[in-house]
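Here is a guided walk through one structure.

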Amino acid sequence: MKKQVSKSLYDANGRWVEERGRIKGAIRRAFRLSPQMKEVLQAARVELPPKLKKDGEPGKKNQVRYTCAICKNLFAQTNVQVDHIEPVVPLWKPEAEMSYDEIVRGVFCKLDNLQVICSTPMKRNNGEPSCHKLKTDKENFIRDELKKVLNLKDHTGEQIDLLIVDISAKYQVYYEEREAKRKAKLERKRKLKNL
């Protein structure tokens, strides 16, 4: 039987180790109750006729779906996210360097920086990534590439914008190669299933 190693609750400075993550989580939970979140969801809301019952009669309630701002398809509320168009954490700035005030201002932003996008898990989406996953993957790729640039603080805003454009083009090539591999793998699985 393995002996469990107890981790310290506090760091070397006496601060709670999980403090930042817990506070960020609380800010995100508070955002879910905000008028911005409700307004963006309401703007993307579409009501469809009720589903038909087994006996062919229409149900009592209309179906509620939400339009994805990227792919324009309709999804149930469980399969959409209210997304920040410009990320809460800027692509060029480490999240650890942000103050709680900056995080709060980023999360509770203006309505024109919010959109509803699909977030259906790949397992339930025929192996296809959702718009939210694609957007997040691209942002993370750009962040990782920017970390490789030494002394990013020495660059001007224009230089960072140009770097982001170059990295976005690099991501497009990376994404197309990755998608070709993923689709080939799915095709192999389908062929094996049909044998």
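The chain exposes about 14,700 Å², an area from the Shrake-Rupley method with a 1.4 Å probe. Carbon and sulfur atoms supply 55% of it. This is a predicted model: local features need pLDDT of at least 70, side-chain atom pairs count only at pLDDT 80 or more, and totals for chains, interfaces and linings use all residues. Residues are numbered from 1 along each chain as its sequence is written, and side-chain values use heavy atoms, leaving out hydrogens and water.

Of the 195 residues, 29% count as buried (under 20% relative accessible area; exposed is over 50%, partly exposed in between, with a 1.4 Å probe and protein chains only).

Now the fold. The chain has five helices and five strands (DSSP runs: H or I of at least four residues for helices, E of at least two for strands, numbered from the N terminus). From the N terminus, the order is α-α-β-β-β-β-α-β-α-α. The C-alpha atoms fill a box of roughly 65 × 55 × 45 Å along the principal axes.

Next, the aromatic rings. The whole structure holds five aromatic pairs (Phe, Tyr or six-membered Trp rings with centres within 6.5 Å; planes under 30 degrees apart are stacked, over 60 edge-to-face, the rest tilted). Phe31 and Phe108 form an edge-to-face pair, 5.6 Å centre to centre with 80° between the planes. Phe31 sits in helix α1 (residues 19–32), and Phe108 in the loop between α3 (100–107) and β5 (114–118), 77 residues apart. Phe31 is buried at 6% relative accessible area. Phe108, at 30%, is partly exposed. Elsewhere, ring pairs link Phe141, Tyr171, Tyr174 and Tyr175 into a cluster.
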